[in-house]
Amino acid sequence: MERVIGVAYGGVVKAMLALLERNMIPDAVVRRLTRWLLAARLRSSYKSTAELQLSDLLSFIKSLQEMPIAIKTEEPKAQHYELPTAFFKLVLGRNMKYSSCYFSTNSTSLDEAEEAMLALYCERADVKNGQTILDVGCGWGSLSLYIAQKYSSCKITGICNSRTQKEFIDEQSRKLVLRNLEIIVADISSFEHEGTYDRVFSIEMFEHMKNYGALLKKISGWMKEDGLLFVHYFCHKTFAYHFEDVNDDDWITRYFFSGGTMPSANLLLYFQENVSIVDHWLVNGKHYSQTSEEWLKRMDKNLESISEIMKMTYGKEEAVKWRVYWRTFFISVAELFACNNGDEWMVSHFLFKKK
């Protein structure tokens, strides 16, 4: 009977995906289906006792220790970061921050929420003028450019894995006449570097990694003896899992997050061989949910221009499908982090010192 149900379920998912690709499923239905899938994830991931929950997490940690620093590094790069920057300019805020922002009574717009989170990073990492800064996985340079402007005596090095991102950041540096920012294109899992820094930042990069022990050992080598490492990653509050492409409903893994990891809120606390925890904070998931809702609004507002970008990137025959996929991705992210009033999936901030 279970096999019959599984086959029937698989058929339904395939049929829904076919309709989705043709833009024939209303947003309300997409949201309802996403919530249903999230509920199924919670049912399968929460264990019946605290002991079993801990055992499950420790088994996951062991699996990470036996893996390379990262896998399938080229796939997520192609899925996200080589899409024309023109698309992200239309969707993201003024700072081009492709990660959770921070909404409060003083930061209600996306631009304000971007700046609020960037300012929070600097506050929590105790950034001061004159420091040397390494931004690992710098994306379109939201943090690197922010620090370069606000702390003009700091010297910032950013590492990204996309030439289009470097070109964008270099262009912004020229426009802003910045002379304290250098961008390097490299794969962090194999990158070797001689420099050491007062502060190292990693914003939503660990989710693309696997062996956190090996990664933190590498990063600790880039920290001065009194240096600090600040990490921001999205997470689930209790359990961790790999993004795996097993079933038809794993399409987000397939098209947006190949080789990725969903860490638990405390996962890095188990990898302190080369760094020691100084502080740890949680940011409610509603901030990320609202961030993705804002991305969706901007996408819809600029749909005509975005449709042309999709044609140019994916081809005329695939343009509608990918436009729908990106909208559905933003909806799914919004629903994920809104789950249980933002108290299931959220953002974790860590501050480490060199051991």
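**View A. Val-177 in the loop between α8 and β3.** In this predicted model, Val-177 sits in the loop that runs between α8 (163-176) and β3 (181-185). Have a look at the backbone here: Val-177 is not a glycine, yet its phi is positive, at about 55°. The residue is exposed, with a relative accessible area of 55%.

**View B. Asn-341 in helix α13.** Asn-341 belongs to helix α13 (residues 319-342). Its phi is near 60°, a positive value in a residue other than glycine. Asn-341 counts as exposed, at 52% relative accessibility.

View C. Trp-322 is buried, with a relative accessible area of 12%.

**View D. Arg-41 over the ring of Tyr-241.** Here Arg-41 lies over the face of Tyr-241, at 3.8 Å from the ring centre.

View E. Glu-335 forms a salt bridge with Arg-35, and the closest N and O atoms are 2.7 Å apart. The bridge connects distant parts of the chain, with Glu-335 in helix α13 and Arg-35 in helix α2 (residues 27-45), 300 residues apart. Glu-335 counts as buried at 8% relative accessibility, whereas Arg-35 is partly exposed at 47%. Both residues belong to a network of salt bridges that links Arg-31, Arg-35, Glu-293 and Glu-335.

View F. The side chains of Asp-111 and Arg-298 meet in a salt bridge (3.6 Å, N to O). Asp-111 is in helix α6 (residues 110-124) and Arg-298 in helix α11 (residues 286-301), so the pair ties together parts that are 187 residues apart in sequence. Asp-111 is buried at 17%, while Arg-298 is partly exposed at 25% relative accessibility. Lys-297 and Glu-294 meet in a salt bridge as well (3.4 Å, N to O). These two are separated by about one helical turn, because they are three residues apart in helix α11. Lys-297 is exposed, with a relative accessible area of 53%, but Glu-294 is buried, at 15%.

Technical notes:
Residues numbered from 1 in each chain as written. Predicted model: local features only at pLDDT ≥ 70, side-chain atom pairs only at ≥ 80, totals over all residues. Heavy atoms only, no water. Helix = DSSP H or I, 4+ residues; strand = E, 2+ residues; numbered from the N terminus. Buried < 20%, exposed > 50% of the residue type's maximum accessible area, 1.4 Å probe, protein only. Lys NZ or Arg CZ within 6 Å of the ring centre and 35° of its normal. Salt bridge = Lys/Arg side-chain N within 4 Å of Asp/Glu carboxyl O.
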